[in-house]
Amino acid sequence: MSNSMDNLQKIKNSLKRRSRSETRFRLYGRVAIAIGLAAVLALFVDIVSKGHGAFKATYIQVDVHYDADLLGITSLADESQLMQANWDALTKSALRNKFSEVSGRRDKRQLYKLLSNGTGFDLKEHLVVNPLLLGETESKWLLADDDIDTYYKSWLDGEPYDARLSKKQVEWIDQLHQQGHIRLQLNTNLLTRGDSREPEQAGIYGAVMGSLLTLMLTLMLSFPIGVAAAIYLEEFASKNRFTDFIEVNINNLAAVPSIIFGLLGLAVFINFFHVPRSVPIVGGLVLTLMTLPTIIITSRAAIKSVPPSIREAALGMGASRYQVVLHHVLPLALPGMLTGAIIGMAQALGETAPLLIIGLLHLLRIFLRFLPILLPCCPYKFSYWPIAQREPLLKRHQLPLWYCCHSC
Amino acid sequence: MKEATAATKTAKDSKSSPKQNLEVDQAQVTVGNRFCENPKMSMRDVNVFYGDKQAIYDVSVDIAKNEVIAMIGPSGCGKSTFLRSLNRMNDTVDGCKVEGEVLLDGDNIYHKNLDVVELRARVGMVFQKPNPFPKSIFENIAYGPKIHGLADSRVDLDEIVEGSLKKAGLWEEVKERLHQPGTGLSGGQQQRLCIARAIAVSPEVILMDEPCSALDPIATARIEELIEELSQNFTIAIVTHSMQQAARVSNRTAYFHLGKLIEVNPTEQVFTMPEHQLTEAYITGRFG
């Protein structure tokens, strides 16, 4: 009797200790979640506060006179004339008209640098859509050069960065600002264009589409192949040395560095099968090889976790092995398989090394024209930008960089 | 083979000692009425191996049409293994090999021309643990008829489902919730659902592997009643740990010991005056 009283006392004493450790454990959990949330919040605040500038671009208003003589064309219908026409002359004359006091070759060259290199082509596209404008004059907002953009934004923020501008250019911008002929506008290029040598013309459209197509291909190839392989190995293959050998090799493949897959893709798909470089199909194939082990391993685990009693029940009913798999094993294993596919896809989306090797790095100004031929891929593009551009311009690219961080 | 002969010698040597009476004689021949006329299933010299290990030794026995045969014996005596070799469920076990003849209506079920799918449609099985599919009650019953193409129309299928559930005595309890998951039923109901699922394809033989071992006495009584009703239409082979259950539900009882079939006799005789001393020792509780 006294013994049982003792036990009761001991249990009571231990209760306090146990509830304390439970409280402590809960606290650890809450702290962990709070740290995670704080990190995400910090990341987002940093990105939005620094990167929101990239959503706007500087535009300058000029009066454009669509002069057929200046362009050297007679008809808008003639494609070869349009190709050869001197479109830059339009923007140059517009700038000269705006700043009529500027003279001398050097000053004029600096003046022309106010506007982006590609504005001539923008005007061409505009004129082709509106042919009635030929011979007319129109007041138009044109995209400013990236140096101007950087300066104007920093000047608006109160910390002007003018290292890359001449004194005259600074004066002109001041003048334009007073006249209200320079302003920040929504940067539509960012979402509608591919990459460009000119930062102000660059966008993420080509890279995003390239990534999407590559990933679609990867998913379409690797999921069926991976699931089929997993089902065969798990449900149909007899257990012998050969299947053991295959299993070991699949597990080893999952640990191979991704750059090796890039080399394999280069050697096999590009050099042997002569698939053109930089097409999404090569990226898709290489990433398929890379994600297959992940998908096979997770799918096998998912199939293994289906209770054997369900298989027995179906077999006992007279279901064939194929019916057992299709009707009972697959539906129960599918969530696990999809988890594997998502992990594999996330891994593929952020993968840079193999894509570098197979050359998915082409600069594209306009994405759609080259759709079937060339496609850059997001991760590589973004890792390349900060090196390619001068440091203050990083700001322009903060937003894409964020995608990059996110996808890695 | 060598080991077997060696074992035979030791068994013979020790025969004189009364203490060793309960040892299995390697030359043991099954006692009792093993065979019958026009059997539904008949087994001849069945040996089952798991890899190198032999689990069943030279079992020969007949199962008559519409009888309930109970298989009893201590744990690990091979009664479940023997039962599973009757509809080739052992095929799914790696390294399992069956020798000898198992005839269903005179055809060897291990013949290479026989499709195991057809066999299992004719010889259904109910397992130890209730294992309904994680689908609705209706889908559970309809699955067999669907894969074998037994129902010509939706109405047919409904009839089969209702009939099977009625035969399994589950209809009144579940008719309001046919489309709710079968896994939501109680243990006893789940086992009756599994029995209903097995009889939905109208098999000729039903194998039951300790169908009541996971159930409480009331659910067990319900299933035993059901077995009695089913025996009018089906041939039933039931493996059980409970001798009372064997005594209650079966016409004949087979006693297994260490992979050998020791005795087969009408149930009443097995439990009142067993022919073999091992059987007697088991049913009187001297081991098991």
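User: How many helices and strands does chain A have, and what makes a stretch count as one of them?

Analyst: Chain A has 18 helices and 3 strands, where a helix is a DSSP run of H or I with at least four residues, a strand is a run of E with at least two, and both are numbered from the N terminus. This is a predicted model, in which local features need pLDDT of at least 70 and side-chain atom pairs count only at pLDDT 80 or more, while totals for chains, interfaces and linings use all residues. Residues are numbered from 1 along each chain as its sequence is written, and chains are lettered from A and ligands numbered from 1 in the order in which they are written.

User: And what does chain B have?

Analyst: Chain B has 11 helices and 11 strands.

User: Why is C77(B) called buried?

Analyst: A residue is buried if 20 or more other C-beta atoms, placed from the backbone, lie within 10 Å of its own, exposed if 12 or fewer do, and partly exposed in between. C77(B) has 23 C-beta neighbours inside 10 Å, and therefore it counts as buried. This cysteine lies in the loop between β4 and α2 of chain B, and, leaving aside residues up to four places away in sequence, it touches F256(B), H257(B), L258(B) and G259(B), where contact means C-beta atoms within 7 Å.

User: What makes D58(B) and D105(B) partly exposed?

Analyst: D58(B) has 17 C-beta neighbours inside 10 Å, so it counts as partly exposed, and D105(B), with 14 other C-beta atoms within 10 Å, is partly exposed as well. D58(B) lies in strand β3 of chain B and has a positive phi of about 45° although it is not a glycine. D105(B) is placed in the loop between β5 and β6 of chain B, and its phi, near 50°, is again a positive value in a residue other than glycine.

User: How do you know that α13(A) is largely enclosed by the rest of the structure?

Analyst: Of the 25 residues of α13(A), 21 are buried, and so this helix is largely enclosed by the rest of the structure. For chain A, 34% of the 408 residues count as buried.

User: What makes the span of α13(A) close to the expected one, and where is its kink?

Analyst: The expected span is 1.5 Å times one less than the number of residues, and α13(A), with 25 residues, reaches 34 Å from its first C-alpha to its last, close to the 36 Å expected. A kink of about 35° lies at T291(A), shortly before the proline P293(A), the bend being the angle between axes fitted to the seven residues ending there and the seven starting there.

User: How is the packing of α10(A) against α13(A) described?

Analyst: Two packed helices are described by the angle between their axes and the distance between the axes. Helix α10(A) and helix α13(A) pack at an angle of about 35°, with their axes 6 Å apart, where axes are lines fitted to C-alpha atoms over the stretch in contact, and angles run from 0 to 180 degrees between N-to-C directions.

User: How many residues of chain B are in contact with chain A, and which element gives the largest share?

Analyst: 19 residues of chain B are in contact with 14 residues of chain A, and the largest share of the side of chain B that touches chain A, 4 residues, comes from α4(B).

Conventions. Contact = placed C-beta atoms within 7 Å.
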